[in-house]
Amino acid sequence: MIKVRDLEVKYDKKVALKNINIDINEGEITTIIGPNGCGKSTLLKALSRNLKYSSGSIEIHDKDLKKIKIRELAKSMALLPQAPSVPYDISVKELVSYGRYPFIGFGKRLNRKDYEVIDWALEKCDMKGYKCRKVATLSGGERQRVWIAMALAQEPKILLLDEPTTYLDISHQFEVLELIKEINRKTETTILMVLHDINQAAKYSSDIVILKKAELIGQGAPEKTITSQTMEEVFNLKGKFLENSHYPHFIPEMSYR
Amino acid sequence: MDKRVALVIMFLFLCLSIILSISLGATNISLNDILRALFVEKKGLTYHIIYNIRVPRMIVGFLVGMCLSISGAILQGVMRNSLASPSIIGVSSGAGLAATICIVLLPAYVYLTPIAAFAGAFVTTIIIYLLSYKNGIRPLRMVLAGVAVSSLVNALINLILIFFPDRVADTLSFTIGSLSLATWSDIWVILPYAVTGFTLSMLFSKTLNVLMLGDEIANSLGVNVELTRFLFIALASLLAAASVSIVGLLGFVGLIVPHIVKLLVGSDYKYVYIGSTILGGGIVIFCDTLSRFVAAPMEIPVGITMALLGVPFFLYLLRGRIAHD
């Protein structure tokens with residue numbers, strides 16, 4: 001679905017990503033992991049056209065990303081950045097309705113279909129009862145669900161999430177990831193996200209992309225990519241894996257830098 | 001407070017200001033005489049005062065207040081900075097320099113002052129935009145570049161004034177801002193900007209709302225952030241430039257009014273624009289009326305009255321907001 005070939009991104013002269021070649025499969029959850037500053041968010045920004053890349057190519061459904069009109073792209077791809085800002089007085093319903101922005105013709109209002117999609121998105125994220133609440137008064141986890149509902153209102157085929165669990169406590173982290181899994185299962189939305197927690201990445205994704213120092217270290221199923229070797233080479237951590245777990249669950253014991 | 005109630009209150013304030021501005025001044029005219037002069041007699045001294053002096057002055061005040069307030073509201077939005085106002089994108093300093101050159105250095109061409117001020121304001125905005133452009137515009141970088149360029153330009157103004165101390169007084173009414181010379185022809189100059197500016201900003205109010213969610217979200221909702229931001233800045237600059245070219249540096253309205261409006265009607269730009277139009281116009285008319293009434297027959301420039309009244313009122317609202325938070 002998404003094909004990245006020889007991608008290179010530079011901030012001024014500093015190379016943020018180089019030689020990136022990955023394929024993101026349709027309808028799956030793919031998670032990018034790696035140490036701070038490895039280029040995880042940069043990759044997401046390049047894919048969402050928030051950042052220009054200096055060379056290489058990105059294709060979405062065999063179409064060159066640079067040739068897709070930005071409004072057209074918005075109808076098939078949604079992005080939830082880290083810590084987005086919320087106007088202090090906006091209500092849940094208003095915020096989610098912005099997800100319909102790319103679909104509304106110039107000078108037109110939301111029509112019945114738009115309202116149906118907004119309701120559907122709110123329902124999916126279990127936020128229907130919060131419609132009239134101000135987003136600023138919600139808890140971190142509820143707020144994140146509203147943002148996800150806004151992204152869903154775009155009816156995206158691809159949903160990009162940049163560290164959707166940051167700033168959330170453990171139960172809200174679980175809730176948000178379960179929601180993402182359910183969205184993936186029920187709507188077959190392709191999901192590409194950045195996570196810090198290796199174990200969450202292993203549990204929720206079918207495909208892992210590992211980056212280190214702007215380069216791709218590996219891509220594949222969690223069992224194949226999250227190994228004691230990667231933990232040592234990429235994260236400088238020694239430890240062991242939990243036995244009898246359905247997915248790799250790493251318990252760090254020693255760090256060496 | 002519900003935003004509709006707030007808008008109605010602002011509208012009543014505007015109506016009150018309009019009535020006061022026509023009836024108060026060097027001679028006070030009763031409401032009865034005003035109506036008679038406007039609709040029945042259409043001649044005589046009272047008609048002349050109302051039709052040729054007070055009404056144009058009131059309309060120019062309204063249009064200028066409206067343009068500067070909308071300009072400030074747009075800038076505070078696209079820059080995502082509460083201190084943004086027309087002066088931050090160089091409108092005040094640019095217009096000030098051009099006007100000073102005309103008035104002080106080229107007195108023979110003093111009639112060109114409005115055109116020069118307009119050009120100076122817009123060109124300075126473009127210079128600031130280009131200076132802060134590097135892989136796109138970061139709002140904060142533009143705010144800083146704006147402050148820096150404005151300081152430089154203000155230094156140039158002062159340099160000119162130092163060499164021609166006898167002409168400082170001539171530039172004063174421009175730098176403070178005054179409506180005392182407003183005429184019908186000024187209305188025809190600024191009206192197209194006011195109408196176009198209001199229409200465009202209303203049509204694109206949703207785009208600015210989306211832009212308030214951050215560049216990344218706006219981009220992923222299909223907004224061309226770079227282009228949109230440039231067009232909004234250009235529009236804001238033109239609105240403010242047209243205003244200051246006629247009444248001088250009243251830039252202060254553009255900072256305070258959008259804040260007051262947002263405190264009263266919230267952050268949806270559709271209502272912010274309507275509120276800015278009503279309140280911006282109303283405040284300028286009200287302060288201008290006080291300006292010529294309080295110390296009559298002396299006239300205080302409206303810029304001073306506005307600062308003396310507007311700032312305390314703004315601070316009062318701000319404290320209420322803090323308590324509310």
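**Fold of chain B and the setting of helix α4**

Buried residues make up 50% of the 325 residues in chain B, a residue being buried if 20 or more other C-beta atoms, placed from the backbone, lie within 10 Å of its own. The model is predicted: local features need pLDDT of at least 70, side-chain atom pairs count only at pLDDT 80 or more, and totals for chains, interfaces and linings use all residues. Residues are numbered from 1 along each chain as its sequence is written, while chains are lettered from A and ligands numbered from 1 in the order in which they are written.

Chain B contains 14 helices and 0 strands, where helices (H or I, at least four residues) and strands (E, at least two) are DSSP runs numbered from the N terminus. The radius of gyration of chain B, taken over C-alpha atoms, is 20 Å, close to the 20 Å from the globule rule (2.2 Å times the number of residues to the power 0.38), so chain B is as compact as a globular protein of 325 residues. Along the principal axes, its C-alpha atoms fill a box of roughly 65 × 55 × 35 Å.

Helix α4 of chain B covers residues 91-105. Among the buried residues are B:V91, B:G94, B:L97 and B:I103. The buried residues of α4(B) pack against α5 (113-131), α6 (139-163), α7 (168-176) and α11 (225-247) of chain B, contact requiring C-beta atoms, placed from the backbone, within 7 Å.

Terms used
A residue is buried if 20 or more other C-beta atoms lie within 10 Å of its own, exposed if 12 or fewer, and partly exposed in between; C-beta atoms are placed from the backbone. The expected span of a helix is 1.5 Å times one less than its number of residues. Two residues are in contact if their C-beta atoms, placed from the backbone, lie within 7 Å.
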